[in-house]
Amino acid sequence: MKTGSKTLRSNIITYGLVVVFYIVMQGLYMTDNLSSLMEGLMVPLCYYMILAVSLNLVVGISGELSLGHAGFMCVGAFSSAVFARLVDEKIPGMAEIIIAILIGAAFAAIFGFLIGIPVLRLKGDYLAIVTLAFGEIIKNLINAVYLGVDANGLHVSLKDTKSLNLLEDGDIIIKGAQGIGKLPRNATFTIGIILLLITLFIVINLVNSRQGRAIMSIRDNRIAAESIGLSVSKYKLTAFVISAALAGVAGVLYSHNLANLQATSKNFGYNQSIMILVFVVLGGIGNIRGSMIAAVILTILPEKLRFLNDYRMLIYAIVLIAMMILNSAPKVVAWRKVMAEKYFPHKGKINEPGEA
Amino acid sequence: MSSFLSYLISGISLGSVYAIIALGYTMVYGIAKMLNFAHGDVIMVGGYIAFICFTELGVPPVICILAAMIGCLVLGVVIERIAYKPLRGASSLSVLITAIGVSYFLQNSALIIFGADSKTFTSLISIPSISLMGGDVIISGVTIASIIACIVIVAALMAFINKTKAGQAMLAVSEDTGAATLMGIDVNRTIALTFAIGSALAGIAGVLLCSAYPTLSSQTGAMPGIKAFTAAVFGGIGSIPGAMIGGMVMGIVENLSKAYISSQLSDAIVFALLIVILLVRPTGLMGKNIQEKV
C-alpha cells in the first residue's frame, strides 16, 4: 500500500529526528560545547516534548480541548517524589527512577480515569474549563497537604507539620506549600530521550491502530461514529488516560531533575497547561513531529532572549498573536493559497491529519 | 452568627465583582463563541487607569471610574479589531491561543510600564459604611457600592438586550449568526458592541476589585478573571442572570470556605463546586439544553 509506506516513512523521520537530536546534544555536551544554559535545558526539553506529544493525543487526535495537562504532570511529579523520599537511596538510582516512572504514570492515569469518566460527557469549551479547574484543584490540594512517615507508617494532615503526630525519628516528606525537599536529582538526558521515544512509540502506534482510527472518527463525526457501533466514551477515555499517564511520566522527569519540588502557579498552574497547548497548536494540531519541534523552539527561544529582559515576554506575546493570525486567519489562508497557486501551480501538498 | 453574617456579606460583595466580570465573559461567549482569556487583564488595565487618574492626576473619583470604563472600552474594541476579527471563522483553538497571547501582551506591557512592584490602591469609593446589630456587623462602602453596581448593571443589561434594537441584534447573532446576517444585522458591529460593553464592565470591576483588595500588579486580573469565568460557566455561559447567580455563589462559597474550612483550599473548593454542578447540569445552572439533531 502506498499510504502505508508513507506513514512508515513519516514515522521513521520522527524517530530519526529524536535520535539525531540526542546525538547532537550529547556530542556537544561531551565535547563541552554546550553553554550552561543549554545544559540546564537538556532534561526540560525532554519533558516538554513528552508533554506536547501527549497533549496532542487529546487535542489533536481525540479533538478535545484540555487545559489541565499540568495537573497530571503535577500528580506524576509528586507521587514519584514521595516514592523517591520513601525509598531514600535504599535502592540504586537507576532502579529507583524506573519504578518512579511507573508509579508516576500509574497515579496520573488513575487521576485521568477518575476525572475523565464524568468530564468527557461535557463538550468543547466546557471540557476545557473543567480540566482547567481540575489542574487548579490539584495544585491547591498539594499546597495544603502535609505528609510524614515514621515507624507507624504514613501520616497525612491538612493543617501543619505538628498535627502529623510523628514519632521522634519521623521524617516529614511534604511540607505543605514548601513542597518536597532532598530529592535524588537522578534524571538524565539519556533517560529523558528514552522516555520520549517510548512516548512517541505509544502515541504513533495508537494513532495508526484500530483504536486510533476509532478515536479520530469520533473526533470527525461523533454521531456517525456512534451509529456504526463505536463506544464514544470508551475511546475518548482511552486517549485521555494514556495522555494523562504520559504527562505523569513527564512529571516524574521534572521532579527527578530538581532538588526541591514545589507546586506553584508557574510550574503546575493553568499557565503551564496553556504553554503546552501553545506547543501543540503552533506545531500543528494532530501533527506529532510538529508539536515536538514547537516545544523545542518555544523552550529555547525565551531562554535565548533573556537579554531582552522585560521585553522578552512581550515579544513572545506579539509573536504568538502574529503566528496565529498568519496561520489561521481565513483571509490570510486564502491569500496564501492564491499565492501558492500562482508561483507553484499544482504542487500544493495536503497533510493527512494524524500522520506523524 | 454575626461573624457568619459578615463573612456572608463580604462574600456577596466579592460575588458582585465576580458577577460583573462574568457578564463580560458570558456576553462575549454568547455572541462571538470564544473564550476571551484576556478579559481578566482588561480588569487590571482598568485598575491601573483609575490608579493613575486618582493618585497622579488627582481627578475626582467619579471621573476616575469613568476614565477606567472608557479606557477599557477602547482597549476592548481595539483588541477585538486587531487580534480577534481577522480570526473570525478560524478554529476556536486558534482564537483561544490568540486570546492567551493578548493576555500575555497586556500583562507584560503593564509590567514594563508600571514595574514589577505592586501598587497600593487607594479606595475610590467614599460611601460611608453601615453598622448593623449594634456594631457587630459592619458593611463597608465598597461592599455597598459593589452590590448596587452589580444589581444596576444586570438590570440595565437585561433592559438593553430585551428592549433596544441593538440588544435584539445581539440576541439574534448569539442564536444564529448566519440567519442574523441574512436579516440585515451587521454582525461585525454587533460583536464590536459586545466587546465594548463587556470591557467597560471590566473597567468598573477593576475599580471595585482594587478598592476592596487594595494591591495592584500586572497579575491582579488573572485569578479573578479565571474565577469569574468559572462563575459564568457555572451559571450557564451565555446567560446574563446565570452570570450574576454564578458570580454570587462563587463569591459566597469562596469567602465562607476561607472562613470555616481552610484559606488554602478555598480555591480548590470553588473549582470542585464547578465540576460538580457541570456534572449534574452539563450546561450550567441557567444554560440552555440544546438537543442534538442528526
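How much area is buried between chain A and chain B, and what percentage of it do carbon and sulfur atoms give? Good morning, colleagues. The structure under discussion is a predicted model, and I shall begin with its interface.

The area buried between chain A and chain B comes to about 4,000 Å², and carbon and sulfur atoms supply 78% of it. On the side of chain A that touches chain B, the elements giving two or more residues are α4 (93–119), α5 (124–144), α8 (222–227), α10 (270–283) and α12 (311–328) of chain A. The greatest contribution is that of α5(A), with 13 residues. Sorted by class, the residues on this side of chain A are 37 nonpolar, four polar and six charged.

In terms of contacts, 47 residues of chain A meet 45 residues of chain B. As for specific pairings across this interface, the rule finds zero salt bridges. It does find two residue pairs in polar contact, both at pLDDT 80 or more.

Chain B contains 11 helices and four strands. Its C-alpha atoms occupy a box of roughly 60 × 45 × 35 Å along the principal axes.

Of the 294 residues in chain B, 54% are buried. Finally, consider the contacts in chain B with a separation of 6 or more: 73% of them are accounted for by residues 24 or more positions apart.

Thank you for your attention.

Definitions and conventions. Residues numbered from 1 in each chain as written. Chains lettered and ligands numbered in written order. Predicted model: local features only at pLDDT ≥ 70, side-chain atom pairs only at ≥ 80, totals over all residues. Heavy atoms only, no water. Contact = heavy atoms within 4.5 Å. Buried area = accessible area lost by both parts, 1.4 Å probe. Salt bridge = Lys/Arg side-chain N within 4 Å of Asp/Glu carboxyl O. Polar contact = N/O pair within 3.5 Å; in protein donor to acceptor, adjacent residues only side chain to side chain. Nonpolar A, V, L, I, M, F, W, Y, C, P; charged D, E, K, R; others polar. Buried < 20%, exposed > 50% of the residue type's maximum accessible area, 1.4 Å probe, protein only.
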